[in-house]
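Please look over the sequence and the model shown here before reading on. The report is meant to be read beside them.

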Amino acid sequence: MTRKKILGSHVKRLLSGVSDHGKKHLSEVETDLRQTELLLEEAVDKLTSSFMAIHHVVGARQDGINLLLAGGTPSADEIDRMKGMSGEIGQHVNSAITSMQFQDMTSQLIDRTLKRVTGLRAFLGTLGTHGEGVAAEAGSEEIVELLGKVSMALAIQSLELRSVLRKAVNQQHLESGEIELF
């Protein structure tokens, strides 16, 4: 093989590796952002539902209070219903609190995304740093050696980045149970 073909082969392998690693990490960033969006949508829907249910129960309780204030006498069914309203409100409040646990998981997803972006920045910085070391008059053997070092450094950085990033996002706060997502 001629020096030119060897050099071309190393450049092709380096650029292909950079492209593959970059695409893979950016795809993970995109996935994390989509999962964050879905979590937030679900949490908002559940919170809205819980607060509307609380509003409904409080309104019904107020109707009973208004009846009493007006001097009326509630029926036995109305009395039983009013007695159960505190428990019903408690259930809806618990549901709202559970919905807020999604904030913890979205924070983890955002943190993971930021780590991945920071890792990609370092990854690209490695290319820039090694690129500055190439002298215009460098021979093909020096360039081949440098490309090998760059490829190795990038492969190590990519593996380190992947090992730092957990795949699962876990609910870590509030005491209502463990939730694992993805």
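## Basis of the report

This is a predicted model, in which local features need pLDDT of at least 70 and side-chain atom pairs count only at pLDDT 80 or more, while totals for chains, interfaces and linings use all residues. Residues are numbered from 1 along each chain as its sequence is written, and side-chain values use heavy atoms, with hydrogens and water left out.

## Overall make-up

The secondary structure comes to 4 helices and 2 strands, where helices (H or I, at least four residues) and strands (E, at least two) are DSSP runs numbered from the N terminus. Read along the sequence, these elements follow the pattern α-α-α-α-β-β.

Of the 182 residues in the protein, 30% are buried; here buried means under 20% relative accessible area, exposed means over 50%, and partly exposed lies in between, with a 1.4 Å probe and protein chains only. The protein exposes about 12000 Å², of which carbon and sulfur atoms supply 60%, the areas coming from the Shrake-Rupley method with a 1.4 Å probe. Among contacts in the protein with a separation of 6 or more, 81% are accounted for by residues 24 or more positions apart, a contact being heavy atoms within 4.5 Å.

## Packing of H2 and H3

Two packed helices are described by the angle between their axes and the distance between the axes. For helix H2 (residues 76-100) and helix H3 (residues 102-132), the angle is about 5° and the axes are 4 Å apart; axes are lines fitted to C-alpha atoms, for helices over the stretch in contact, and angles run from 0 to 180 degrees between N-to-C directions. H2 and H3 are therefore roughly parallel to each other, since angles under 35 degrees count as roughly parallel, over 145 as roughly antiparallel, 65 to 115 as roughly perpendicular and the rest as oblique.

On the H2 side the contact is made by Thr98, Ser99 and Met100, and on the H3 side by Phe102, Gln103 and Asp104. These residues divide into 2 nonpolar, 3 polar and 1 charged, with Ala, Val, Leu, Ile, Met, Phe, Trp, Tyr, Cys and Pro counted as nonpolar, Asp, Glu, Lys and Arg as charged, and the others, Gly among them, as polar.

## Salt bridges along the helices

Side chains of opposite charge can pair when their charged atoms come close. The structure holds 5 salt bridges, each being a side-chain nitrogen of Lys or Arg within 4 Å of a carboxyl oxygen of Asp or Glu. One of them joins Glu30 and Arg34 at 2.7 Å, N to O; because these two residues are 4 apart in helix H1 (residues 3-69), about one helical turn separates them. Glu30 counts as partly exposed, at 40% relative accessibility.

Glu42 and Lys46 form another salt bridge, with their closest N and O atoms 3.4 Å apart, and they too are 4 residues apart in helix H1, or about one helical turn. Glu42 is partly exposed at 35% relative accessibility, as is Lys46 at 38%. In helix H3, Lys115 and Asp111 lie 4 residues apart, about one turn of the helix, and their side chains meet in a salt bridge at 3.4 Å, N to O. Lys115 is partly exposed at 38% relative accessibility, and Asp111 is partly exposed at 38%.

## Gly131

Gly131 lies in helix H3 and is partly exposed, with a relative accessible area of 44%. Gly131 and Val150 are 19 residues apart in sequence, and their C-alpha atoms are 8.8 Å apart in space.
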